[in-house]
Number of protein chains: 2
Amino acid sequence: MPLGRWAPLRHPDIADVRLDDVLQALADPTRRRIVRMLIAEGDRPCGTFGLDVAASTLSHHFRTLRAAGIIRQYDNGRQRFNTLRLAELDTRFPGLVDQILHAAAADADPAPR
Amino acid sequence: MPLGRWAPLRHPDIADVRLDDVLQALADPTRRRIVRMLIAEGDRPCGTFGLDVAASTLSHHFRTLRAAGIIRQYDNGRQRFNTLRLAELDTRFPGLVDQILHAAAADADPAPR
DNA sequence: CTGTCTCTTCGACGGGCATCGAATAGACCA
DNA sequence: TGGTCTATTCGATGCCCGTCGAAGAGACAG
């Protein structure tokens with residue numbers, strides 16, 4: 001049974017998710033791309049996003065998204081998978097994430113490759 | 001005929017408004033309070049918001065909201081009035097601002113007095 | 001046990017942000 | 001003209017963020 005490798009990988013309870021953190025997290029284009037790829041193609045390990053940033057930077061973005069309550073992470077072998085908490089988020093802030101990503105489509109947001 | 005006092009008070013064209021800037025601007029609770037007061041009570045001069053920050057800080061927030069394309073400002077006598085660009089924003093990012101402010105109501109967002 | 005692969009942590013760098021007080025520029029009033 | 005009111009700009013402070021490279025912790029294959 002695969003368990004965490006470092007700190008126990010804390011995910012905030014959905015009730016504790018703060019709007020500030022969600023907006024802050026989604027204000028970054030790279031993180032929006034991550035979210036959109038997760039929507040489009042489901043769970044993925046951290047290393048399969050093909051984004052043009054260093055691994056350590058990517059790790060930082062995942063931490064931010066996780067701390068904001070937007071994604072959930074779980075380890076499997078040597079990979080760490082990412083999954084959206086969209087259903088939970090919609091109970092907390094109904095329609096918010098969809099709205100933001102939809103707005104992103106109307107923006108010059110870089111498409112998720 | 002009241003005109004500007006300092007720089008010509010540049011407002012971005014609605015087509016140039018970027019999602020990043022809107023989200024960044026609305027990620028701050030103080031600025032969200034400003035927006036909500038504008039929705040609730042219409043145009044207001046900068047000095048009538050009763051927020052617990054220094055005047056210079058408030059000025060910075062108004063500049064941020066204006067640069068993000070969220071508010072429009074115009075001078076009248078010695079006061080500078082603020083008005084929402086909600087209709088324009090809804091043509092650019094339909095429903096986004098409403099959605100965020102609605103989410104703010106579900107959050108521990110400080111009520112606009 | 002040794003190497004390899006994945007991902008994180010650490011330390012550093014540059015830049016930006018929220019905040020303040022002081023100084024300043026107009027508008028208005030007396 | 002001088003004083004007051006409004007709001008800005010400026011400079012400084014402390015903090016956080018995105019980014020990177022290097023080093024380290026597990027998992028796994030030989």
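In the predicted model, the two protein copies meet through the same surface, because 100% of the interface residues of chain B are also interface residues in chain A. The contact joins 19 residues of chain B to 19 residues of chain A. On the side of chain B that touches chain A, helix H1 (19–26) and helix H5 (96–106) each supply at least two residues, and H5(B) gives the most, with six residues. By class, this side of chain B divides into eleven nonpolar, three polar and five charged residues. Chain B is superposed on chain A by a rotation of 180 degrees with 0.0 Å of shift along its axis, at an RMSD of 0.0 Å, which is the relation of a two-fold axis.

The packing of helix H1 was examined next. In chain A, the buried residues of this helix, which spans residues 19–26, are A:Leu19, A:Val22, A:Leu23, A:Ala25 and A:Leu26. Seen down the axis of H1(A), these buried residues fall within an arc of 160 degrees, so they line one face of the helix. The elements that cover them include helix H2 (29–41), H3 and helix H5 (96–106) of chain A, together with H1 and H5 of chain B. In soluble globular proteins, nonpolar side chains tend to be buried together. The largest nonpolar core of the model holds 42 residues, of which A:Val22, A:Ile70, A:Ile100, B:Val22, B:Ile70 and B:Ile100 touch the most other members. H1, H2 and H5 of chain A each supply at least two residues of this core, as do H1, helix H2 (29–41) and H5 of chain B. When its neighbours within four places in sequence are left aside, B:Val22 is in contact with B:Val17, B:Ala68, B:Ile70 and B:Phe93.

The surface near DNA strand D comprises nine nonpolar, ten polar and six charged residues.

Around DNA strand C there are 24 residues, and those that come nearest are A:Gly47, A:Ser56, A:Ser59, B:Ser56 and B:Gly77. Here H3 and strand S3 (79–84) of chain A, together with H3 of chain B, each supply at least two residues of the surface near the strand, while H3(A) provides the largest share, five residues. The surface near DNA strand C is made up of eight nonpolar, ten polar and six charged residues.

The C-alpha atom of B:Ser56 is separated by 24 Å from that of B:Asp20, a residue 36 residues apart from it along the chain.

Notes
Residues are numbered from 1 along each chain as its sequence is written. Chains are lettered from A and ligands numbered from 1 in the order in which they are written. This is a predicted model: local features need pLDDT of at least 70, side-chain atom pairs count only at pLDDT 80 or more; totals for chains, interfaces and linings use all residues. Ala, Val, Leu, Ile, Met, Phe, Trp, Tyr, Cys and Pro count as nonpolar, Asp, Glu, Lys and Arg as charged, and the others, Gly among them, as polar. Two residues are in contact if their C-beta atoms, placed from the backbone, lie within 7 Å. Helices (H or I, at least four residues) and strands (E, at least two) are DSSP runs, numbered from the N terminus. Copies are superposed by least squares on the C-alpha atoms of residues with pLDDT of at least 70 in both. A residue is buried if 20 or more other C-beta atoms lie within 10 Å of its own, exposed if 12 or fewer, and partly exposed in between; C-beta atoms are placed from the backbone. The arc is that of the directions from the helix axis to the C-beta atoms. A nonpolar core is a set of buried Ala, Val, Leu, Ile, Met, Phe, Trp, Tyr and Cys residues joined through C-beta atoms within 7 Å. A residue is near a molecule or strand if its C-beta atom, placed from the backbone, lies within 6 Å of it.
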